Each structure stands twice: as C-alpha cells, then as structure tokens.
Amino acid sequence: MKTLSENGAFGGVQGVYSHASDVCGCEMTFAVYLPPQARREKVPVLWYLSGLTCTHENAMTKAGAQKWAAETGLALIFPDTSPRGEGVANDPAYDLGQGAGFYVNATEAPWAPHFRMWDYIVHELPALVFESFALDPARQGITGHSMGGHGALTIGMTLPETYRALSAISPIANPCASDWGRKQLTAYLGQDETKWAGHDASLLMAERGYPGPVMVDQGAADQFLDLLKPETLVAAAAKRRQPFRFRMIEGCDHSYFYVASVIEDHIRFHAAQLGAG
C-alpha cells in the first residue's frame, strides 16, 4: 500500500492510498478518514460507495462528512467506483466502463478480467484496511449515493452479518427496470436476467429485507428520478413491513450539495447502529 497524501482534519487524518489489486488486476486508489478516536482504540467503519463518473475523491472533498465522523468516532472509507488504467476496458459512454463499475463481478467480455467490484469492496479492500488501520471489523456500516446507493443496498442486504447498519442516498433502486441498470447489467452479466436479481435493491428488499432499520433519502427535485425509481423500493419495504425510514426532500436534486445536506443524518444513523459516539 502506498500513501499518496495525508492531511489533518477535525482532529483526525484524511488519507489517500493506492495498492495493486489482485481482484481488479490494476492499481486501485481509495481514501480513509480516521477520526481522532482511532489514536486510542479501534473505531467502527462506514463505507461510502460513490456514483457514476466518481472516484474516491468526490465524496471525500464534497460531502463534508469528516466533521460528523470526527464527532461520532466513525472511520470513513471512500473506494473508487471501478478499475482504471491502461489495459482496462472502457466505453465512450459515461455510464459504462471506467467510473461505472456498478459493484458487480462482471462475467462478460471485455469486462470480466478487471470489473470485479463486488469482490473488491466486500473482500479485498476490507482485508487491506483492517490490516493497516485501527478499525473494528465487527462494527461496519455501508452507505452510498446513486450507483453507490445501489451498491450499498445490494451488498448490505446480501451480507447483513457484515454490515450492521445500512442506508442510501438517492440510490438506483430498481436497476432491472431502469436504463441505469439494464444496459450495465446486460454488459457485465449477460442477457440472462435471472443473474441480475441479486443486484437489484427492490427485488432484494422484497425477497429478504434487512434485519434492522434502513434509511433512504431522495431529493424531490432530482433530475434522474425516473431512472432511480425509489417508489419500487418503498413499495417493497412497505409490503414486507421492513423498518424503513424514507424521506423525499423538497428542493433537493442529485448533486453533492444535496449529499452534503443529508450526510450528517446518515453518519449519526450509522453511529447509533454501530455503538459509536
């Protein structure tokens, strides 16, 4: 692991690091914020998965999350959204290829050799950060924005024993029925739609739910509402009587101005679930 930068922030340290990923077959970059509490004890972890076109840097610099993480004693991990670099497949469209990994393990050419973001987020990167930093693997939560909200919900509902707190901000909630989903799932996983179901938050909510409260925020002025389809997730949660906090926030769009306006609530939600603060 290489240290690219480390900066003091709110009594803690915001670091950016890179490493050679065996899973993705390329160099991967990620960011970790360690709150001041990490100097004396292992702290709980909140994974933040970012959306289309983003890197580790977007949420790290724009969400304003470090202040609230320092107050509550949560570490923040900001992974990249896809493999990158020479020899890694890409597409001219912004919503496929580099910057658009969709948190799946691709099985189709030309994506399969590198686009294994599920295994990277769930297995490889956690092994590295828990070895390298003062983090408590028994207290992990996961959240994310847009494509990252999709990743957080699908990973969290699939592995609730690992991720003990779950939330999302404007997630792609029903990718099997959306142009933000059908295109990418076909490209990465093939034409057989039965292979997509484990990567659709609405279908997973209907099938299994989550053994704890789930928090989801959505901007009412979001220009991508028809692609996100929050109503399908809400309906699935209501049908199974899932403890579910959903807010449609007036005047907010899909931008990081909106993310910054709700991130404190999400961090405090995770801190409460993970026994931080």
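Guide: A crossing is right-handed if the near helix is turned clockwise from the far one by less than a right angle, and left-handed if anticlockwise. This is a predicted model: local features need pLDDT of at least 70, side-chain atom pairs count only at pLDDT 80 or more, and totals for chains, interfaces and linings use all residues. Residues are numbered from 1 along each chain as its sequence is written, and side-chain values use heavy atoms, without hydrogens and water.

Visitor: Is the crossing of α2 and α9 left-handed or right-handed?

Guide: Take helix α2, residues 65–72, and helix α9, residues 256–274. Helices here are DSSP runs (H or I, at least four residues), numbered from the N terminus. The crossing of α2 and α9 is right-handed.

Visitor: What is α2 to α9: roughly parallel or oblique?

Guide: The axes of α2 and α9 come within 9 Å and cross at roughly 25°. Axes are lines fitted to C-alpha atoms over the stretch in contact, and angles run from 0 to 180 degrees between N-to-C directions. Under 35 degrees is roughly parallel, over 145 roughly antiparallel, 65 to 115 roughly perpendicular, and the rest oblique. So α2 to α9 is roughly parallel.

Visitor: Which residues in α9 does α2 meet?

Guide: Contact means heavy atoms within 4.5 Å. From α2 come Ala65, Trp68, Ala69, Glu71 and Thr72. In α9 they meet Ile263, Glu264, Ile267, Arg268 and Ala271.

Visitor: Is α3 roughly parallel or oblique to α4?

Guide: Helix α3 covers residues 117–132 and helix α4 residues 147–158. Their axes are 12 Å apart, at an angle of about 55°. Therefore, α3 to α4 is oblique.

Visitor: Which residues of α4 make the contact with α3?

Guide: α3 passes α4 in a right-handed crossing. Trp118, Ile121 and Val122 of α3 take part. On α4, the contact is made by Thr154, Ile155 and Thr158.

Conventions
Helices (H or I, at least four residues) and strands (E, at least two) are DSSP runs, numbered from the N terminus.
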